[in-house]
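Keep the sequence and the 3D view at hand as you go.

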Amino acid sequence: FLSARVHPGETPSSWVMLGLLAHLTSQDPHVVALRDRCLFLVVPMLNPDGVVHGNTRCSLSGHDLNRCWSTPKPRQHAPILAAKQLLAGLLAAGREVRLFL
């Protein structure tokens, strides 16, 4: 599970994600072998509303999404709740999450 831009002002993470996606979709033999064995779930921008509105740290609702992982609320922290539900669904299906980045 790979994600970026939970804090809108962290613009370098967009470039890192772009490079990572370019590499993961390349025909490099090591990456092809890795894709055959692993499922990559990518959320390139966890806080798009905050990014679009020019916030530096918070979502559109004024919350720092990095501080609500333990108890996200549906209306205030929807992207975090969706990410947690995605991960919970994988675990419930018997999938193993080996990297959360």
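**Exercise 1: the largest pocket**

Eighteen residues, written 18 in the count, line the largest pocket, and Cys38, Leu39, Glu96, Arg98 and Leu99 lie nearest its centre. A pocket is an open set of points on a 1 Å grid over the protein atoms alone, where a 1.4 Å probe fits, with protein on both sides within 12 Å along at least five of seven lines; lining residues have an atom within 4 Å of a point. The model is predicted: local features need pLDDT of at least 70 and side-chain atom pairs 80 or more, while totals for chains, interfaces and linings use all residues. Residues are numbered from 1 along each chain as its sequence is written, and side-chain values use heavy atoms, without hydrogens or water.

Task: find the classes of residue in the lining of the largest pocket.

Solution: the lining has 14 nonpolar, no polar and four charged residues.

**Exercise 2: salt bridges**

Task: find which residues are linked in a network of salt bridges.

Solution, step by step:
1. A salt bridge puts a side-chain nitrogen of Lys or Arg within 4 Å of a carboxyl oxygen of Asp or Glu; the structure holds three.
2. Asp64 meets Arg57 at 3.1 Å, N to O.
3. Asp64 also meets Arg67, at 3.9 Å.
4. Arg57, Asp64 and Arg67 are therefore linked in a network.

**Exercise 3: the other pair**

Task: decide whether Arg98 is buried or exposed.

Solution: Arg98 pairs with Glu96 at 3.3 Å. Arg98 is exposed because its relative accessibility is 72%, where exposed means over 50% (1.4 Å probe, protein chains only).

Methods: Nonpolar A, V, L, I, M, F, W, Y, C, P; charged D, E, K, R; others polar. Buried < 20%, exposed > 50% of the residue type's maximum accessible area, 1.4 Å probe, protein only.
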